[in-house]
Each structure stands twice: as structure tokens, then as C-alpha cells.
Amino acid sequence: MTSRTLVRRPSTVAASALAGLALLAGCTPITFPGGGHGGGGSADVALRQAMNDLVGKPGGPPGILVAIGRGPHVSLRTAGVADTVTGARPAAQGHMRMASVAKAFSGAAALSLVSRGTLRLSDTIAKWLPHLPKAWAGVTLANLLGHTSGIPDLIRFKAFSDALQASLQTAPAPRVLLSYVNPPALAFVPGSSYAYSNSDNIVVGLMVEAATHRRYERVLATNVYAPLHLTQTSLPRGSALPEPVRSTAPNLRGYDTSVAPALDVTSLFAAGWSWAAGGVVSTPADALRFVRGYVSGRLVGPATRAAQFTFRPGSSEPPGPGANSAGLALFKYDTSCGTVYGHTGNTPGYTQFVAATRDGRQGVVVSINAQITPASNPPLFAKLRHIYELAVCAAD
């Protein structure tokens with residue numbers, strides 16, 4: 001959901017001790033539906049070495065996968081394991097939590113409605129959600145999507161963390177999440193500054209519902225999943241991942257690696273606690289289809305896309321590769337191997353990076369089954385961020 005850990009491990013979490021990490025030797029390229037090749041060259045060799053190095057470090061993730069798309073060719077590289085009990089490898093069709101990459105999905109839903117004329121970027125909170133705090137009345141949809149709203153981040157309030165700890169498995173209704181922002185005073189005049197806030201995307205989801213008179217989850221299904229052919233993507237309310245697609249495609253289970261042995265936190269809390277800001281569940285294959293389609297403009301018209309691709313200084317959380325700048329529900333990453341666009345995310349058990357070139361011909365997904373951030377483990381995150389850059393180079 002953000003670069004900050006949402007919860008401390010509560011004493012009530014029932015988890016048996018895991019008997020160590022059964023890391024697989026080597027990093028193997030695996031082709032999955034859509035065709036593909038393992039790739040080659042120095043960038044690919046360096047990528048594989050860096051992946052093996054990351055899972056071998058103390059506190060490193062049990063597993064990592066990198067999905068790379070070049071035109072019609074799609075391939076998967078893996079190191080380590082998706083499940084420390086079974087020793088199964090990460091798989092292209094394994095379900096995982098997308099964390100704050102869900103913000104790109106909320107952007108996709110909202111911007112698709114902007115292109116259809118159902119919403120406008122200039123629409124205010126007062127227009128669609130007059131019951132929200134008066135201090136927020138003049139905040140626009142564009143402010144929300146670009147994190148220039150000034151609305152404080154709900155997870156920074158003690159009321160939110162207390163409520164979460166008291167009810168990990170049952171989340172409140174989405175609009176209740178915003179009630180934890182108390183006092184609701186804006187941190188700055190809307191549009192005058194940038195500050196990443198999970199509250200923004202909760203409001204976006206509610207605005208989508210108000211404009212369409214449909215549940216946000218249904219709008220995602222019709223306006224995002226269907227046109228991009230995402231068959232294994234969902235926004236659940238509970239804490240369980242979907243059943244594996246097949247026995248050879250195990251889910252990517254999430255772990256707390258700050259202790260040894262690592263603790264399985266896959267189902268630590270209900271996805272409804274992060275909802276439109278971080279609750280989406282997907283697979284590497286679907287995530288790659290999504291980011292390539294989203295970045296290439298398949299869901300929006302030219303005018304909406306032009307507004308989305310107007311960038312200002314601002315980093316995703318956690319930072320992506322290279323120099324970061326912020327657009328509307330999209331980040332620009334200027335790397336040593338060119339510019340890509342996408343989003344990052346992290347939540348207990350997972351850290352994600354998805355990106356694509358502007359035309360969508362090249363795309364990457366990097367997923368690990370541990371939460372590693374600049375705050376929690378700076379040296380390990382530096383290695384992970386380097387892998388993001390290597391993945392972009394390998395896709396070039």
C-alpha cells in the first residue's frame with residue numbers, strides 16, 4: 001500500500017515456525033503463454049546474477065520473479081521460491097498482492113470514465129462526494145490522481161492503525177477508511193505541491209462509484225479487466241488469495257523476512273483495508289498485460305492521455321528505477337536504458353514494480369514475496385532497485 005509497513009506483527013497472528021528457506025539453485029528463464037525467449041546479452045546475465053544475489057542475502061525475499069515482454073515475446077525469470085514450505089518456484093500464473101500498483105488500476109478506471117465524459121479531471125470532491133470534509137471540497141480528480149490534493153495519508157493516523165489492529169480480517173466500508181483522517185485539514189493548497197497519499201485513491205474509488213452508480217469493483221471489471229483481457233485479476237474484500245490456477249502455478253506467498261525463520265503474512269489482513277489504494281490481486285502474466293495496455297493508452301482517448309502524461313517532480317513509493325516524476329496515476333522512470341512508465345508498490349509480504357515503454361511494446365514486472373523498502377532495509381532495497389533498472393535494460 002505504501003513504503004511504510006502497515007502493521008506490526010500482532011501477537012494474535014497464528015503462524016507456525018517455518019523451517020528455513022528452501023531456495024532453488026540458479027535463476028531460470030521460463031516462457032509462458034504468449035511465446036517468448038529467455039533473452040541474452042550482458043543486461044540479462046547481470047539481471048540473473050542480481051536476482052540470485054538478492055534471494056541469498058539475509059533478510060532477502062524467499063523468491064523473485066521478473067516478467068519481460070518484448071513485442072509478442074514474453075518470458076519469465078525466477079530465483080528462489082514462491083512458497084517456503086513446498087519449495088515451488090514463482091510462476092507466471094501465480095496470484096500475488098499488487099500493493100500500490102492498485103493505484104494505477106484506480107487511475108485506469110477513473111481515466112476511462114474521463115475519456116467517456118462520465119467524469120472530468122476538473123470535477124471536485126464537492127460535486128460527487130459532498131458528505132466528505134468541507135476542507136476537501138475544492139480538491140479535483142486531477143489533484144487526487146496526481147497526489148497533489150493535500151489530503152493527509154490515512155495510514156499515518158493512530159485511529160487507522162488502531163482500527164486495523166483490532167479487526168485485521170474484517171475491513172470497514174471504503175468511505176469509513178477516510179473517517180480516520182482526523183483532523184481532516186489539508187496539508188497544502190491543492191495543486192501547489194506533491195505528497196503521496198493513500199487517501200487520494202480511496203477518494204478516487206468513491207468518486208468512480210458516485211459517477212457511475214456502480215460498485216468500484218464492477219467498473220474495474222468492465223472498464224479495465226475486460227478490455228485488457230485480465231482474467232486473473234480481482235479486488236477482494238477479504239484476506240485470502242484466489243485458489244491457484246493450476247498445481248504448476250502456485251501462488252506467490254508473502255513473507256516477513258525481518259525475522260528468521262521468515263513468517264508467512266500472505267493473509268495477515270483483509271484487502272479491504274487498502275481497497276482502491278492497494279487491494280488488487282493479480283498474477284505476473286496479467287500484471288504485464290495491464291501495464292503494457294495501460295501505458296500505451298488502450299483505455300483512454302488522446303486528450304486524456306496527454307493530461308496523464310504531464311509530469312512533475314514526485315517519486316512513487318517505494319522509488320522506482322532512475323529519476324522518478326509523477327503524472328496522473330502513473331510515474332515516469334528515466335533510466336540508463338531509456339524511459340519507462342508505471343508504478344511501484346509494497347505491503348506486508350510483497351514489493352512490486354511494473355512498467356512499460358510509452359508504446360507498450362516493452363514491459364516489465366518485478367515481484368518479490370517480502371516487503372523491502374528504503375526505510376526497512378536500505379542496502380537490500382538498493383539491490384532491488386538495481387534489479388528494476390536491469391529488468392528495464394533486459395527488456396530494451
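First, the ground rules. This is a predicted model, where local features need pLDDT of at least 70, side-chain atom pairs count only at pLDDT 80 or more, and totals for chains, interfaces and linings use all residues. Residues are numbered from 1 along each chain as its sequence is written, and side-chain values use heavy atoms, with hydrogens and water left out.

Now the overview. The chain has twelve helices and 13 strands. Helices (H or I, at least four residues) and strands (E, at least two) are DSSP runs, numbered from the N terminus. There are 396 residues in the chain, and 60% of them count as buried. Buried means under 20% relative accessible area, exposed means over 50%, and partly exposed is in between, with a 1.4 Å probe and protein chains only. Next, contacts, meaning heavy atoms within 4.5 Å. Take the contacts in the chain with a separation of 6 or more: residues 24 or more positions apart account for 72% of them.

Let's go to helix α2. It covers residues 102-116, 15 residues in total. From first C-alpha to last, α2 reaches 22 Å, close to the 21 Å expected at 1.5 Å a residue. That expected span is 1.5 Å times one less than the number of residues. Is α2 mostly covered or mostly open? Mostly covered: 13 of its 15 residues are buried. Just after the helix, G117 takes a positive phi of about 85°.

That leads to the core. A nonpolar core is a set of buried Ala, Val, Leu, Ile, Met, Phe, Trp, Tyr and Cys residues joined through side-chain atoms within 4.5 Å. The largest one has 88 residues. Those touching the most other members are F105, I125, L141, L145, V224, W273 and F290. Which element gives the most to this core? It is α2, with nine residues. Look at F290. Beyond its neighbours within four places in sequence, F290 is in contact with A104, F105, A108, V224, L228 and L230. Another core, of 32 residues, lies apart from the largest one. Its members include A50, V66, L380 and A391. As background, nonpolar side chains tend to be buried together in soluble globular proteins.

V66 brings us to a pair of strands. β2 (residues 63-70) and β3 run antiparallel, joined by eight bridges. Two strands pair if DSSP finds at least two bridges between them. V66 stands opposite R77 in β3. The hairpin of β2 and β3 has two residues between the strands, and G71 takes a positive phi near 55°. Why is β3 described as largely enclosed by the rest of the structure? Because seven of the eight residues in β3 (residues 73-80) are buried.

Next stop, N369. It is found in the loop between β13 (362-368) and α12 (378-395). N369 counts as buried, because its relative accessibility is 0%. Its side chain makes polar contacts, that is, pairs of N or O atoms within 3.5 Å; within protein, one must be able to donate a hydrogen and the other to accept it, and residues adjacent in sequence count only if both atoms are side-chain atoms. The side chain of N369 reaches the backbone nitrogen of G63 at 2.8 Å. A polar atom of that side chain also lies 3.1 Å from the backbone oxygen of V81.

Now strand β10, residues 331-335. Its side chains alternate. F331, Y333 and T335 point to one face and are buried. On one side of the pairing, β9 (residues 323-326) and β10 are antiparallel over four bridges. A323 has D334 as its bridge partner. β10 also joins β11 through five bridges, again antiparallel. There, Y333 stands opposite V340.

Last, the disulfide. The rule is a pair of cysteine sulfur atoms within 2.5 Å, and the count comes to one. C337 is joined to C393, S to S 1.9 Å. The torsion about the S-S bond is about 95°, so this disulfide is right-handed. C337 lies in the loop between β10 and β11 and C393 in helix α12, so the pair ties together parts 56 residues apart in sequence. C337 is partly exposed, at 26%, while C393 counts as buried, at 13% relative accessibility.
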